[in-house]
Amino acid sequence: MKVIYPKVKSDSESRIYIEFYQNNKRYRLFNGSKINSEIHPNSYPVSERMEMGNLLASEVYQFLMSGLTLEQLKVSNLIKPNMIDKDYLTVALNNKLKENYTKKYKEMLQFIFNKLIED
């Protein structure tokens, strides 16, 4: 896959962003959160933003060179490819049961889950 170095740009309000294309889709990142980076160029004074933008562009480029895509990072660790409906329901139920809900509500969720997955 051909990777082109991201461009550092500025908008009309002097906010810095990184622009690049991946899989024929344009991305504009104003910070590094989507690539698990702690760089936020727009939190710096205007005079330092371009320098921090270049640093973010470097990290984005390293991310792109690793072969990962932003879509891959969006997918939850719990959701796997080729899951069946029962698996999705199981993941959702387990997430709900871990939260701070009343015992009655959790019992109702479990009851509905059991009725849905009966064959």
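# A pocket, a sheet and a ring pair

Start with the largest pocket: seven nonpolar, three polar and three charged residues make up its lining. Here nonpolar takes in Ala, Val, Leu, Ile, Met, Phe, Trp, Tyr, Cys and Pro, charged is Asp, Glu, Lys and Arg, and polar is the others, Gly among them. You're looking at a predicted model, where local features need pLDDT of at least 70 and side-chain atom pairs pLDDT 80 or more, while totals for chains, interfaces and linings use all residues. Residues are numbered from 1 along each chain as its sequence is written, and side-chain values use heavy atoms, leaving out hydrogens and water.

**Stop 1: the pocket.** The space in the largest pocket comes to about 270 Å³. Select Val3, Ile4, Phe20, Tyr21 and Gln22: of the 13 lining residues, these are the closest to its centre. (A pocket is an open set of points on a 1 Å grid over the protein atoms alone where a 1.4 Å probe fits, with protein on both sides within 12 Å along at least five of seven lines; lining residues have an atom within 4 Å of a point. Points join across faces, edges and corners, and the volume is what probe spheres set on them fill.) Now colour strand E2, residues 16-22, which gives four residues, the largest share of the lining.

**Stop 2: the sheet.** Show the strands (DSSP runs of E, at least two residues; helices are H or I, at least four, and both are numbered from the N terminus). Three of them form an open sheet in the order E1-E2-E3, with antiparallel pairing (a pair needs at least two DSSP bridges). E1 (7-10) and E3 (25-29) are the edge strands, each with a single partner, so one side of each has no neighbour in the sheet. From one strand to the next, the twist averages 30°.

Zoom in on E1 and E2, antiparallel and joined by four bridges. Lysine 7 has glutamate 19 in E2 as its bridge partner. Next, bring up helix H1 (residues 46-65), which packs on the sheet, touches E1, E2 and E3, and makes about 20° with the direction of E2. (Contact is heavy atoms within 4.5 Å; angles run from 0 to 180 degrees between N-to-C directions of lines fitted to C-alpha atoms, for helices over the stretch in contact.)

**Stop 3: the rings.** The whole structure holds four aromatic pairs. Pick tyrosine 17 and phenylalanine 30, a tilted pair with centres 5.3 Å apart and 40° between the planes. (Phe, Tyr and Trp rings, six-membered for Trp, pair with centres within 6.5 Å; under 30 degrees is stacked, over 60 edge-to-face, the rest tilted.) Tyrosine 17 is in strand E2 and phenylalanine 30 in the loop between E3 and H1, so trace the 13 residues that set these distant parts of the chain apart.
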